[in-house]
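Please look over the sequence and the fold shown here before reading on. The paragraphs below are meant to be read with both in view.

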Amino acid sequence: MLYMEISSWEPENRDKILEHFKELKVPAGISIVNQWVDLTGGRYFILYECDDAEAFAAFNLPWSDVCYIDCVPVMKSTDFISVMSRKS
């Protein structure tokens, strides 16, 4: 399943966030599609694939002390239209 994650942090946590990024290790079970940084500061966007709850937790829990994570399951719009068309 694909997940779009938006992480945001308070300005005073910027240095802690940078340290977390330097130490970032992607666990087995997570496949990163792409990543983006908000150039105005304070937000990070990542699209990744994961079907393993343990990998999901291992990827996200280390960040819970320095940022807020909003994670949403997503799919390509063309795939969504295809799925919904079959249900009609």
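What follows goes from the overall chain to its helices, its ring pairs, its charged pairs and its surface.

This is a predicted model, in which local features need pLDDT of at least 70 and side-chain atom pairs count only at pLDDT 80 or more, while totals for chains, interfaces and linings use all residues. Residues are numbered from 1 along each chain as its sequence is written, and side-chain values use heavy atoms, with hydrogens and water left out.

The secondary structure of the protein chain comes to three helices and four strands, where helices (H or I, at least four residues) and strands (E, at least two) are DSSP runs numbered from the N terminus. Read from the N terminus on, these elements follow the order β-α-β-β-α-β-α. Along its principal axes, the C-alpha trace of the protein chain spans about 50 × 30 × 20 Å. Of the 88 residues of the protein chain, 23% count as buried; here buried means under 20% relative accessible area, exposed means over 50%, and partly exposed lies in between, with a 1.4 Å probe and protein chains only. Among contacts (heavy atoms within 4.5 Å) between residues at least 6 apart in sequence, 69% join residues at least 24 apart.

A search of the whole structure finds five aromatic pairs, a pair being rings of Phe, Tyr and Trp (its six-membered ring) whose centres lie within 6.5 Å, with planes under 30 degrees apart counted as stacked, over 60 as edge-to-face and the rest as tilted. Which arrangement do the rings of F21 and Y44 take? Their centres are 4.8 Å apart and their planes stand at 75°, so the pair is edge-to-face. Because F21 lies in helix α1 (residues 14–22) and Y44 in strand β3 (residues 43–50), the pair ties together parts that are 23 residues apart in sequence.

Turning to charged side chains, the count comes to three salt bridges, each defined as a side-chain nitrogen of Lys or Arg within 4 Å of a carboxyl oxygen of Asp or Glu. One of them joins D15 to R14, with the closest N and O atoms 3.0 Å apart; D15 is partly exposed, with a relative accessible area of 47%. Another is formed by E19 and K22, with the closest N and O atoms 3.4 Å apart, and both of these residues lie in helix α1, three residues apart, about one turn of the helix. E19 is partly exposed at 39% relative accessible area, while K22 is exposed at 64%. There is also a salt bridge between the side chains of D38 and R43 (3.0 Å, N to O), in which D38 is buried, with a relative accessible area of 13%, and R43 is partly exposed, with a relative accessible area of 37%.

A nonpolar surface patch of about 390 Å² is made by M75, F80, I81 and M84, where patches are made of residues with over 30% relative accessible area and no salt bridge, like charges being joined within 9 Å and nonpolar side chains (Val, Leu, Ile, Met, Phe, Trp, Tyr) within 5 Å. Of these residues, M84 lies in helix α3 (residues 77–87) and is partly exposed, with a relative accessible area of 39%. Elsewhere, P11 lies in the loop between β1 (2–8) and α1 and counts as exposed at 64% relative accessibility.

How values were computed:
Accessible areas come from the Shrake-Rupley method with a 1.4 Å probe; for residues, only the protein chains shown count as cover.
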